[in-house]
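Me: I'm new to reading protein structures and would like to go through one step by step. Can we do it as questions and answers?

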Amino acid sequence: MSVARKALEMTKAATEAIVQRAETRYEAHRQEILRTTDRMFAGLMIGQWIFAIFIALTFSPYGWQGKVKAIHMHVWIAVFLGAAITSLPVALAWFRPGELLTRHVIAAGQMLWSALLIHLTGGRIETHFHVFGSLAFLAFYRDWPVLLTGTVVVATEHLIRGILWPESVYGIPNPEWWRFLEHAFWVVFCISILIPSCRRGLRDMRVMAERGAELEALSENQWRTSSVVDRAAAETRGDR
Amino acid sequence: MTVDTTIGGARKGYDRVEVPAPGGGTRSLTRKQFESLPLRERVGFLIEGTAQFFLDGRPISASDAMRV
């Protein structure tokens, strides 16, 4: 094999190895973000469960019955429905962190938590802020389809509950039929900013990984150059 | 190769690069165009040392170009 051909093959092999390492670094970084966010949501879900029980014990009796404080069925709703909403996302975050299904189930679960908290506070409008906070947290994944899952779940939930039990979601028994569209509009407004931000975050991660590859390539070139210089110097000295 | 590591007292990376053209000769790319090339191609140029970087029209070394 000629020297030129051998050099070309070495360059190809080094290029492949460097590109592969860049891809591995990018994937490892992405997986780390996904797993960390899964774990964060697992903790958040359990925290929300405890918070929901607290709300059911303290706020729901007033929110739903006005003046009289009594043990309320919402305590049981918070305990059992809260457990049902929490269990699958937390189990997936624990046993299958970083997987596609896990983050979509978490997105759906988080939106169902918004729904439950809204219900427990008697459709209190301020509790709707939980939806927007949750969307912002879901953006930590930097995986924009997760935001679509969350949006579809919360919009569907608002539509169905708005028809069947409007007081539970809007705090009034007879809201305008189009009220869910107004809520959905603000959700879409929110994700229209978050989605480009997620995409930019991924692009930045890719640039970082590629930057590392370029520096590796540069280092490889410098190593080769110094090897050639060393060999030439050795030949000049007459070394064998 | 002429190497200028500091221009205007600050390191600025590069704004243009010349790389070998497929049919022979060289082609001049802006930084954005170079960064848009497939990674495999960029890495190949850097390993072979066939990319010549420029800043404000003056050639700079690849290692200075890659600093910023």
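This is a predicted model: local features need pLDDT of at least 70, side-chain atom pairs count only at pLDDT 80 or more; totals for chains, interfaces and linings use all residues.

Me: Is A:G212 buried, partly exposed or exposed?
Reply: Buried means under 20% relative accessible area and exposed means over 50%, with partly exposed in between. A:G212 comes out at 23%. That puts A:G212 in the class called partly exposed.

Me: How far does helix α8 of chain A reach from its first C-alpha to its last?
Reply: Helix α8 covers residues 179-237 of chain A, which is 59 residues. At 1.5 Å a residue, the expected span is 87 Å. The reach in the model is close to that, at 88 Å.

Me: Is chain A a compact globule or more spread out?
Reply: For 240 residues, the globule rule gives 18 Å, but the radius of gyration of chain A is 28 Å, well over that. The C-alpha atoms fill a box of roughly 100 × 30 × 25 Å along the principal axes. Going by the radius of gyration, chain A is therefore more spread out.

Me: How many of the residues of α4(A) are buried?
Reply: Helix α4 takes in residues 100-120 of chain A, and its end C-alpha atoms are 30 Å apart, which agrees with the 30 Å its 21 residues should span. The helix is largely enclosed by the rest of the structure, because of its 21 residues the number buried is 18.

Me: What does A:V105 touch, not counting residues up to four places away in sequence?
Reply: A:V105 has its place in helix α4 of chain A. It is buried, with a relative accessible area of 18%. A contact means heavy atoms within 4.5 Å, and by that test A:V105 touches A:L88, A:P89 and A:L92.

Me: What share of chain A's contacts with a separation of 6 or more comes from residues 24 or more positions apart?
Reply: Here you take the contacts with a separation of 6 or more and pick out those between residues 24 or more positions apart. For chain A, that share is 75%.

Me: Where is A:R142 found, and what is its phi?
Reply: Most residues other than glycine have a negative phi. A:R142 has a positive one, and it isn't a glycine. It is found in the loop between α5 (129-138) and α6 (145-164) of chain A, and its phi is near 60°.

Me: Which elements does chain B have, from the N terminus on?
Reply: The secondary structure of chain B comes to three helices and four strands. In order, they run β-β-α-α-β-β-α.

Me: What is the phi of B:D56?
Reply: B:D56 has its place in the loop between β3 (52-55) and β4 (58-60) of chain B. It is partly exposed, with a relative accessible area of 47%. This residue other than glycine has a positive phi, near 50°.

Me: How much of chain B counts as buried?
Reply: Chain B has 68 residues. Its accessible surface comes to about 3600 Å², with 50% belonging to carbon and sulfur atoms. The part of its residues that counts as buried is 40%.

Note on methods: Residues are numbered from 1 along each chain as its sequence is written. Chains are lettered from A and ligands numbered from 1 in the order in which they are written. Side-chain values use heavy atoms; hydrogens and water are left out. Helices (H or I, at least four residues) and strands (E, at least two) are DSSP runs, numbered from the N terminus. The expected span of a helix is 1.5 Å times one less than its number of residues. Buried means under 20% relative accessible area, exposed over 50%, partly exposed in between (1.4 Å probe, protein chains only). The radius of gyration is taken over C-alpha atoms; the globule rule is 2.2 Å times the number of residues to the power 0.38. Accessible areas come from the Shrake-Rupley method with a 1.4 Å probe; for residues, only the protein chains shown count as cover.
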